[in-house]
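Please look at the sequence and the structure before reading on.

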Amino acid sequence: MRSVFFDGQRHWRSGWKAVGFLLLTIVLTGPLLAGHRFLPAEARFFVPGSWVAFFGVLLSTAICVRLERRGGSSVGLRMDLRFARHLAGGIAAGVALVGVGTAIVWLAGGFHFVRVPEAQVGLLLRSALVMLGVGLSEELAFHGYAFQRLTQGIGPVKAQLVMATIFALGHPVGDVPGSGRVWALVNVFVAALVFGLCFMRTGSLALPVGLHMGWNWAMGALGVAVSGVESKGWWAPVQHAGKEWLTGGSYGLEASPVDFGVLVAAALVLLRWKARPAAEHPGLPEAPLLAASTVR
């Protein structure tokens with residue numbers, strides 16, 4: 001009789017490793033974020049909550065890979081020139097994708113932008129710091145240890161679907177009216193698939209972290225809400241009446257059908273991209289969404 005918890009070598013099954021990591025991350029990160037709220041405002045300004053969350057996820061990852069006697073680079077955090085290059089490329093791609101989506105909505109008459117007179121360079125730099133922390137914490141949580149163990153256990157297709165579902169459910173859309181709620185859920189789900197593809201193509205978290213950061217930072221710089229969270233950038237969008245279905249309304253572009261088209265285009269490009277996997281992940285499949293699932 002096959003064990004539910006252990007494989008033939010009496011090792012914990014990959015799915016339980018992923019579940020354990022996620023539970024440990026919640027246990028470690030929750031108190032850290034709660035404590036962060038009690039810090040003086042000056043300290044919170046220089047140490048954003050996103051970086052506190054990243055520390056919690058990083059600590060959870062370190063514990064899990066240590067138990068397996070692996071190094072930190074095994075989850076795609078090898079800090080080298082290749083990592084820096086993919087990080088920069090991901091940031092540029094994220095900014096470009098948001099730029100394309102914004103331009104389409106603007107040309108279609110969804111909104112126009114006005115300059116925020118009091119905006120300063122420091123605002124964009126602070127936003128970049130916050131969004132880098134968001135990209136690091138969320139990508140390490142959703143496409144680091146847990147995602148990679150699920151890929152080993154149930155195959156890349158199912159792993160993508162499971163983690164993308166959790167990622168989407170972690171972005172509340174209850175206040176989004178009408179069809180925007182559906183588009184928000186679908187777009188966040190597809191975005192998670194795109195981030196997963198970035199890892200599967202490169203074997204590194206650099207590209208998904210950069211893409212995630214560039215995407216969020218560009219929307220914030222334009223004053224567009226990021227997953228329903230109001231942003232203050234160098235510009236402010238003025239919504240045109242009756243165009244909320246196009247602009248995403250108060251949730252931002254992530255609740256717009258235009259965003260769906262941009263994300264699908266990005267996914268298709270990644271599927272055709274012939275990237276060289278990182279040395280620590282030489283066995284990654286070339287087409288993860290189309291690869292056959294395996295069970296270990």
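A crossing of two helices is called left-handed if the near helix is turned anticlockwise from the far one by less than a right angle, and right-handed if the turn is clockwise. In this predicted model, the crossing of α1 and α6 is left-handed. The two helices pack with their axes 8 Å apart, at an angle of about 165°. Because angles over 145 degrees count as roughly antiparallel, α1 is roughly antiparallel to α6.

| Helix | Residue range | Residues in the contact |
|---|---|---|
| α1 | residues 14-36 | Ser-14, Gly-15, Lys-17, Ala-18, Phe-21 and Leu-22 |
| α6 | residues 145-154 | Tyr-145, Ala-146, Arg-149, Leu-150, Gln-152 and Gly-153 |

Side chains of opposite charge can pair when their charged atoms come close. Lys-17 lies in helix α1, whereas Glu-68 lies in the loop between α3 (49-67) and α4 (81-107), so the pair ties together parts that are 51 residues apart in sequence. The whole structure contains three salt bridges.

Finally, the confidence of the prediction deserves attention. The chain has a mean pLDDT of 87, and 89% of its residues reach 70 or more. Over residues 285-296, however, the pLDDT is below 50. This stretch has 32 contacts in the model beyond near neighbours in sequence. Where pLDDT is low, the predicted coordinates should not be read in detail.

Terms used:
Residues are numbered from 1 along each chain as its sequence is written. This is a predicted model: local features need pLDDT of at least 70, side-chain atom pairs count only at pLDDT 80 or more; totals for chains, interfaces and linings use all residues. Side-chain values use heavy atoms; hydrogens and water are left out. Axes are lines fitted to C-alpha atoms, for helices over the stretch in contact, and angles run from 0 to 180 degrees between N-to-C directions. Helices (H or I, at least four residues) and strands (E, at least two) are DSSP runs, numbered from the N terminus. Angles under 35 degrees count as roughly parallel, over 145 as roughly antiparallel, 65 to 115 as roughly perpendicular and the rest as oblique. Contact means heavy atoms within 4.5 Å. pLDDT is the predictor's confidence in each residue, from 0 to 100. A salt bridge is a side-chain nitrogen of Lys or Arg within 4 Å of a carboxyl oxygen of Asp or Glu.
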